[in-house]
Amino acid sequence: MTAWMIVKALIYILLAPLIGGMLSGLDRVVSARMQGRQGPPVFQPFYDVNKLLHKQTTVVNSIQVLFVTVYLIFTIFTGTLFFAGGDMLLVFFALSMSEVMLVLAAFSTNGPYSIMGAQRELLQMMCYEPMTLLVAIGFYYANGSFMVDDLIRTQVPAIVQIPGFFIGFVFILIIKLRKSPFDLSTSHHMHQEMVKGLTTDLSGSNLALVEIAEWYDVVLMLGIVGMFFITANPISRIWAIISCAVVFFLCTLIDNLFPRVKYKTMLIVTWSVILVFAGTNLLILNVLK
Amino acid sequence: MNISKSPWVLHYDGSSCNGCDIEVLATMTPLYDVERFGIINTGNPKHADVLLLTGGINAQTAPVVRQLYNMMPDPKVVVACGICACDGGIFKECYNILGGADKVVPVDVYVPGCAVRPEALIEGVVKAVGILEEKRKKLKESMKAGYCTVDYSKIAIHMTADDYDPSTQYDAVLTEEALRQQAEEKIKATAKPAPKPVNAAAPKAAMASAAPAAQPKAADNNVKGENG
Amino acid sequence: MAIPNVVNFLILFPFVLAALIFIQKEATPLRSIVIILGGFTIMIAAVYVAVNVLMSGDTSQYMYLTETHIPDKFVIAGEIFLMCLVCFLSIKYKKIYAILLSLVGTIPVLWMDLSGRVVEGNTHFRIDTFAAVMYLIVGIVGILICIYASGYMKDYHHHHTDVQDRSNYFLALMFVFLGAMFGLISSDNLGWIYFFWEITSVCSFLMIGYTRTQEAVDNSFRALWMNLLGGCGFAAGLMYCNIALGISNLSQVTDVNGTITVIVPVTLFAFAALTKSAQFPFSRWLLGAMVAPTPSSALLHSATMVKIGVYMLIRLSPVMEGTLTGVMITVIGGFTFFVASLLAITVSDGKKVLAYSTISNLGLITACAGTGTTEGVWAAVMLVLFHAVSKSLLFQTVGDIENCMHSRDIEDMHGLIIKLPRLAFIMIIGICGMFMAPFGMLVSKWAALKSFVDSGSVWLVLFLVFGSGSTLFYWAKWLGKICTVIHQSFELEDITPRSEMVSMLPLTTMIIVMCFAFPWMSAHMIQPILDEAFHTNIPDVIGGSDVIIMMIMVAMIFAIPIGSRFLSIGKNSKMTMSYVAGVNAGDDRHYIDSFGKERALYMSNWYMEDFFGEKKLLWPCIWISTVLVLVMLIVVVGGAI
């Protein structure tokens, strides 16, 4: 662990919520424009979180707060690990652990909507967990290392070797960012059959913590998207940023285009996409090696 | 500045003819686009700052409104949308209508109209946000003074005068201890049918310890309920 | 004390102890004292041997017994006795097929023994690092289970008055089992291994049939025939080794520098190991074993029985690298891991979930061993260690919960953290140990993934990643059920006897300690195994900086809850009820319906039976895996002959 790693980690911890909040604000503005309306200001998510932090917090039980806190801390930890150049597999293991904490927070409330959201969130995790692990393996196949630090020093961008993984990952990104066809666990629009799912019984600062954790998460996810394009060449970073922007826009577009699907459809579709694209890619790589 | 930029609303239909509901929903459509002001229809009292009530309150919806109101974290405001929510409107004399929303929860903004116009509604919410800001300051002060909330009232399960029995009311604001106590009472009661007055004393005692500041206001609300 | 003497003691003393327990019919304090004293003596002896072996530089110690006449006679007599016992019980319960398998397995071996065709002059015992690690598992986890059983059986007969109290017989069997385990892991002579192998098969059969209900009898015979089939495979391998290849020792079979082509016996032994470790298509015996009292499940599924199978596979691992057998074993293991984890989603019986999870994890170990790479073996041994501890703890906890709540259904564990906080916390640690990030199982899974990628087994990588998705699902939903806080509910009476806590608390501590100790374990317990098996030194499987990060994570996991107690996080929060559309009746578990009446409200977990259900998935998977096993046997064995 060098000083530079710590600096990178600190930069992530400080900047990620800003970028994540801005992105989620942009998402709302772009969605609004797609629907032919003006939409909220870009800084709206910050206003929201600020408000939530100043509101009273109601809890259903005392351990709920604990779970949410652990969730936030581990999400930040995960991102820090990634941006400091840590082990990709460890990043994803830590990520699934932090998600489990959020699910437990919802389970602990014993509210019907929370528990329904929690169950669905678990199912979503089951859908995307294979892909996240496969992404790490894909990078390993392409560049022979699990360490992010080594991966960004390659000569050829990873996308050349693992395009299938990229497609699979963008696909599960829709789930991860809680976008429409797969926003089973927390509906992000208007009140719906499961209210707010996972976060129904969170309020005030607890909800704010969850929002902040999601900002960190968005930045981490886009960081992984960028990884597909980054090489030792500094110019590649611009490509990475452009690709992140395109992927993020794509997710917003899909969000506005599709209605929510049933859980079975989600499971079948995601697993087949992963198997077809990432699996085939993996097979081809294995044959070529 | 804190709250005025993101008032999240919760819409509940007391017993409206749906005219006002449609207008409320119309306000959320792209035409009026209230998201410009950061307004989101959350559908969840725990996330909401503003409670939009439409229609008069009847015996069945009264406890629900009370519960929703109690679940909202402070600071919070209530906007009565449409004339029925203001004072019962055309249904005022109906046998089952208790009256306007203010019979069960303290209303901060009355927006009349039959049905209420989206423009009026938006203005009402904007006014409500102003009140929200004031309430937030008060909350801050009361937090400094050591209370964690401004006021609480009990959740009524049955709101007509005949049905009204304080012992069957649940307190929204319970400490773990109070909950345990209440549950103990309940279990005792199911084990052997005890005389009622004994049961009635317990939740009151529990509540007194939980929120001393709440007592006068709660009583006030109960009286209103009985009058209706 | 010389190590060989202690090892002899370890093998023989459990049998003596079993006899002592057997003669005490009543559950007297004396019997408990005998079990506890005897058990701890065995544990101390096992730890003594293990520590000595691990600390000494010379890790592989072979022993040649000059006077093997008497032990050999014992072995032959024992084999005949086991055969007669199986025949007698098969006739009694009219399950004739078991006799056939028993005869097929035993008679040729007896013939070979008696006709003097056995290759003589080789060592009988081998005490090396791997044996030492296994001593630790059997000696600590196995003994703790036995101590747990002494208290548990009393409660069990308290609740199940319809079952005849034969707890002396049951407890005696458990010690016989442990003795056989010690014998098996110490032996190097294939004939002796076979003898101990058969003892464990028959013992497990007797334990599963303990209640003598029709279901128990059926399940016990299923376990018997599957294990005897495996025994036949072992016997065939043993005879091939002795007669065709002229070798009689396991260490000769697994010698990577050896000149003899050993693929046929290796395949046969691997086949036997598949049946023992309940891989598909032989997994059904393990599920059936759930009818037995909990200690036997804990013993069979965590520390001993199923571990023999994977023990054998790990021993064979070096010679399986790159062979068809290795590939098939890996595929069967990976397939089992994936399918069993899907099936675990669909069941709500706590013990059944544990059983499927056991099968699934054993699949992973099998797959790791089958790759034959150093990393694979590293991961496999780690998995064996962590699995033994976590799983035995979970079985014991489920057993206690069943004694307290009269149900072991996961749905009934709703709000366990309020009802039985002590057991719930133990269970949470156990479950976290099985799948959560910084805990042990995950470390091994990580290494497994690396070894699969390095060995280029694409299918395994896919099985593993999809399998981990479903593993996460079934554990997390169980964890959720336990963590649900239900108001207005009370602690149930925790009737867990102290003797059971004596067993559970050390196991819980071990899970936590092992999280911190795994780098040390890797260096001092697993590296030597790899050195012995592959004669190569391998670099650290998990790098230094990662270990530090893992340590930080583990520390965080424990620091945050403690910190939040002191830092008044959430102290200013107001308590409310959960949101039930505004009609919460006040306790989160009832709502007011449209008639003003209170109605119960309950959210059950997701089981998706119509999707992955046992009815849909189990048989096709058994057929697929049967085909895989047959292909392996026919191509490898048939091809060689």
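The model is predicted.

**Helix α2 of chain A**

Helix α2(A) spans residues 44-54 and is mostly covered, with 8 of its 11 residues buried. The buried positions are Q44(A), P45(A), F46(A), Y47(A), D48(A), V49(A), K51(A) and L52(A). Among the elements that cover these buried residues are α1 (3-34) and α9 (204-227) of chain A.

**Contact between chains A and B**

Chain A gives 26 residues to the contact and chain B gives 21 residues. On the side of chain A that touches chain B, α2 and α9 of chain A each supply at least two residues. Helix α2(A) accounts for the largest share of that side, 6 residues. The residues of the side of chain A that touches chain B divide by class as follows.

| Class, side of chain A that touches chain B | Number of residues |
|---|---|
| Nonpolar | 6 residues |
| Polar | 14 residues |

**Largest nonpolar core**

The largest nonpolar core holds 395 residues. Those that touch the most other members are A94(A), L51(B), V79(B), C81(B), F175(C), A380(C) and V381(C). Helix α5 of chain C, residues 129-159, provides the largest share of this core, 21 residues.

For V381(C), one of the residues that touch the most other members of the core, the contacts can be listed. With neighbours within four places in sequence left aside, V381(C) is in contact with V133(C), I314(C), I526(C) and I529(C).

How values were computed:
Residues are numbered from 1 along each chain as its sequence is written. Chains are lettered from A and ligands numbered from 1 in the order in which they are written. This is a predicted model: local features need pLDDT of at least 70, side-chain atom pairs count only at pLDDT 80 or more; totals for chains, interfaces and linings use all residues. A residue is buried if 20 or more other C-beta atoms lie within 10 Å of its own, exposed if 12 or fewer, and partly exposed in between; C-beta atoms are placed from the backbone. Helices (H or I, at least four residues) and strands (E, at least two) are DSSP runs, numbered from the N terminus. Two residues are in contact if their C-beta atoms, placed from the backbone, lie within 7 Å. Ala, Val, Leu, Ile, Met, Phe, Trp, Tyr, Cys and Pro count as nonpolar, Asp, Glu, Lys and Arg as charged, and the others, Gly among them, as polar. A nonpolar core is a set of buried Ala, Val, Leu, Ile, Met, Phe, Trp, Tyr and Cys residues joined through C-beta atoms within 7 Å.
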